[in-house]
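Have the sequence and the 3D view ready.

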Amino acid sequence: MPMPEEKAELVWSWLNDPAHELEGLLVRDGDGTPVGLAHFRPFSRPLHGAVGGFLDDLFVAPEVRGGGAVDQLLARLREIAAERGWNTVRWITADDNHRARGKYDQVATRTMSVTYDMAPEDTAPAALGAPGSPAGTTAR
């Protein structure tokens, strides 16, 4: 997926910063060329009293799909989850990503969760902890 240079540099800086939560995995072909990647990080699961892993990005070059790169990435991520005591590895995919979902159905359990993205608007009238917000809500 094309990415502006400044964003690529930012992500690269995160991956090279031992204090940053984001980590990455690469799969290379026989010539050493990267053909697949995964970006992942831990996430807290307060209602479970546990930590899980979140797979932010999973990509395999189209010309090598079906050749086992995704299997290598997911297998290594499963090993990392076990080593770190994570109780799950979670990711989101597009509903119409049928090829990838076929693979995911083989290695993970599909949930019934629906994903929402909320933009951080400064002018939101009922921000947590703001005057007029529902009783009992607070912000840090």
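In what follows, nonpolar means Ala, Val, Leu, Ile, Met, Phe, Trp, Tyr, Cys and Pro, charged means Asp, Glu, Lys and Arg, and the others, Gly among them, count as polar. This is a predicted model: local features need pLDDT of at least 70, side-chain atom pairs count only at pLDDT 80 or more, and totals for chains, interfaces and linings use all residues. Residues are numbered from 1 along each chain as its sequence is written, and side-chain values use heavy atoms, with hydrogens and water left out.

Now for the pockets. On a 1 Å grid over the protein atoms alone, a pocket is an open set of points where a 1.4 Å probe fits, with protein on both sides within 12 Å along at least five of seven lines; lining residues have an atom within 4 Å of a point. A volume is the space filled by probe spheres set on the points, which are joined across faces, edges and corners.

| Largest | about 1400 Å³ | 25 nonpolar, nine polar, nine charged residues |

Of the 43 residues lining the largest pocket, L37, H39, D57, L58 and F59 are the closest to its centre. Around the second largest pocket there are 20 lining residues, with W91, I92, T93, R110 and T111 nearest its centre. Helices (H or I, at least four residues) and strands (E, at least two) are DSSP runs, numbered from the N terminus. Helix α1 gives the largest pocket seven lining residues, the largest share.
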